[in-house]
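Student: I have just opened this entry and would like a guided tour. Please start me off with whatever I need to know about naming.

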Amino acid sequence: MGAFLLFVLVFASQVIGGFNTKLPPPAYGNSITILSIDGGGIKGIIPSVVLQRLEHILKIVSKDEKAALADYFDVIAGTSTGGLIAAMLAAPNLNDTSRPAFTAKEILQFYLDYGQSIFNQTAARNWTHTTPGPKFDGEFLRAKTREILQETRLHDTLTNVVIPTFDILLLHPVIFSSFKLEEIPSLDAKLSDIAIGTSAAPTLLPPYFFWNRRRPFNLVDGGIAAGSPALVAVSEVMQQLNEKNPNFIPVNPNEPTKIVLLSLGCGRNTILGPGSLLAKTFSYNNWTSILALGYASAAADIHEYHLASVFPDSPSSENYYLRVEEYNLNPSIVNVTEEGMQKLVKAGEDLLKQPVKIQNVTSFVPYVKPSEGTNDEALTRLADILYKEKELRLKMKSMEKRGQPFTASTPPPSRMVAME
């Protein structure tokens, strides 16, 4: 009896809570989990607030004060400022390489501490749209990014990372993906180089050049290719499934694999265009500015259009998709003054209290889905899904080590947490 109790205690310590335990691959579970973070400059404060809340809920659900997002997501994707966040979430801590370099709370503080230095308004005071060169020199961002990520390379990350960029010499996207390193070794660059490259927003920050494995990269903002990297991340996962990657093919063939996606926006504001009567008098320069605005909006909408084929808004859908976005962000608060950044924090906090909205991919108008409750309530449900998925994987992997057959397994009971 004593030996049995000892076994139970040891087994429980391995599979319940998952304290600081690396997430086993999706093959041991029922779901592939993806976190995607949009671009948006200083507006990265908004998804940072949301991520801080999710990380807090995971700590409660798992009863693990060290719970981190990299412990629960198979893929973390990001573009531009979202790419920097993704790199910070997935990079290992230099003092303990099993833990991430930054918590979500620390990333939020990073924006508040360094936003004014990255976007130095004093240095850019005399800049106009006709001034040669970008508005900001980017030197502080480059130095700080190298300082915090140091020599960490893409293969070192705690979970798979997908970060789109755009090469302005070759005029095509470059997707820095953990899944492509064997096929394209030159993509195994320093995370700092990748993060700087994907953040190099044209007109605001200078393009970024570096060599890696004898390959030159001439990079600008990943938003040129994918303002929302969710579709890119899902495509990377689908490719792994199609290629029969053993890490993604379930060891239990009776359990269907679903994709769980959390996509975070940096806030959008409703802008009306000029209308056809006025636009017919436009010059080339007039059209340039209008097309820039239209491109950003259209790209975001078309990503939702394509994602709808993977995540249909139907109760029968095996996949799960949560989009957390502020669709009516006041443009006047988007600045790096202390007041402006605190208003962005408040916008993120208010977003958590708002009802979940879904993009109608016919009208492209977001609508409230009452059954989903608030974004905060949806994050709580998501945390429960993530926790149970990790517990299942740890259990299945432990059974494999002991040579036990796999059977249809019910995930651990839900440990939903109350809103705080």
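This is a predicted model: local features need pLDDT of at least 70, side-chain atom pairs count only at pLDDT 80 or more; totals for chains, interfaces and linings use all residues.

Student: Which residue just after H5 takes a positive phi?

Tutor: Helix H5 covers residues 139-149. Just beyond H5 comes a residue with a positive phi of about 50°, and that residue is Gln 150.

Student: Which elements are included in what covers the buried residues of H5?

Tutor: Begin with the residues being covered: Leu 141, Arg 142, Lys 144, Thr 145, Ile 148 and Leu 149 are the buried ones in H5. Their cover includes H3, helix H4 (104-118), helix H6 (191-199) and strand E5 (208-212).

Student: How many of the residues of H3 are buried?

Tutor: Let's go along the helix, where the buried residues are Thr 81, Gly 82, Gly 83, Leu 84, Ile 85, Ala 86, Ala 87, Met 88, Leu 89 and Ala 90. H3 is largely enclosed by the rest of the structure because the buried count is ten of the ten.

Student: Where does UniProt place the feature "active site"?

Tutor: The feature comes from an unreviewed UniProt entry, which lists two residues, Ser 80 and Asp 221. Although these are spread over 142 residues of sequence, they cluster in space, with a largest C-alpha distance of 5.6 Å. So the place to look, according to the record, is Ser 80 and Asp 221.

Student: Is Ser 80 buried or exposed?

Tutor: Ser 80 sits in the loop between strand E2 (75-78) and helix H3 (81-90). Setting aside neighbours within four places in sequence, Ser 80 is in contact with Gly 39, Thr 198, Ser 199 and Asp 221. Buried means under 20% relative accessible area. Because the value for Ser 80 is 7%, this residue counts as buried.

Student: And what about Asp 221, buried or exposed?

Tutor: Asp 221 is also in a loop, between strand E6 (215-220) and helix H7 (223-226). Beyond neighbours within four places in sequence, its contacts include Thr 79, Ser 80, Phe 166 and Gly 197. Since its relative accessibility is 10%, Asp 221 is buried.

Student: How do H2 and H11 lie relative to each other, and why?

Tutor: Helix H2 (residues 45-62) and helix H11 (residues 338-353) pack with axes 8 Å apart, at an angle of about 50°. Because of that angle, H2 is oblique to H11.

Student: What is the handedness of the crossing of H2 and H11?

Tutor: In H2, the residues that take part are Ile 45, Ile 46, Val 49, Val 50 and Arg 53, and among those they meet in H11 are Met 341, Leu 344 and Val 345. By class, this contact has ten nonpolar, one polar and two charged residues. The crossing is right-handed.

Student: How do H2 and H4 lie relative to each other?

Tutor: Their axes are 8 Å apart and the packing angle is about 155°. The contact includes Ile 45, Ser 48 and Val 49 of H2 with Ala 104, Lys 105 and Ile 107 of H4. The crossing of H2 and H4 is left-handed. The angle decides the question, and therefore H2 and H4 are roughly antiparallel.

Student: What is the relative accessibility of Thr 165?

Tutor: Thr 165 is in strand E3 (residues 160-167). Leaving out neighbours within four places in sequence, its contacts include Pro 173, Val 174, Phe 176 and Ile 194. Thr 165 counts as buried because its relative accessibility is 0%.

Student: Last one: how far apart in space are Glu 236 and Met 399?

Tutor: Glu 236 belongs to helix H8 (residues 230-242), and this residue is buried because its relative accessibility is 5%. Apart from neighbours within four places in sequence, Glu 236 touches Val 162, Ser 177, Phe 179 and Lys 180. Glu 236 and Met 399 are 163 residues apart in sequence, and their C-alpha to C-alpha distance is 29 Å.

Methods. Residues are numbered from 1 along each chain as its sequence is written. Side-chain values use heavy atoms; hydrogens and water are left out. Helices (H or I, at least four residues) and strands (E, at least two) are DSSP runs, numbered from the N terminus. Buried means under 20% relative accessible area, exposed over 50%, partly exposed in between (1.4 Å probe, protein chains only). Contact means heavy atoms within 4.5 Å. Axes are lines fitted to C-alpha atoms, for helices over the stretch in contact, and angles run from 0 to 180 degrees between N-to-C directions. Angles under 35 degrees count as roughly parallel, over 145 as roughly antiparallel, 65 to 115 as roughly perpendicular and the rest as oblique. A crossing is left-handed if the near helix is turned anticlockwise from the far one by less than a right angle, and right-handed if clockwise. Ala, Val, Leu, Ile, Met, Phe, Trp, Tyr, Cys and Pro count as nonpolar, Asp, Glu, Lys and Arg as charged, and the others, Gly among them, as polar.
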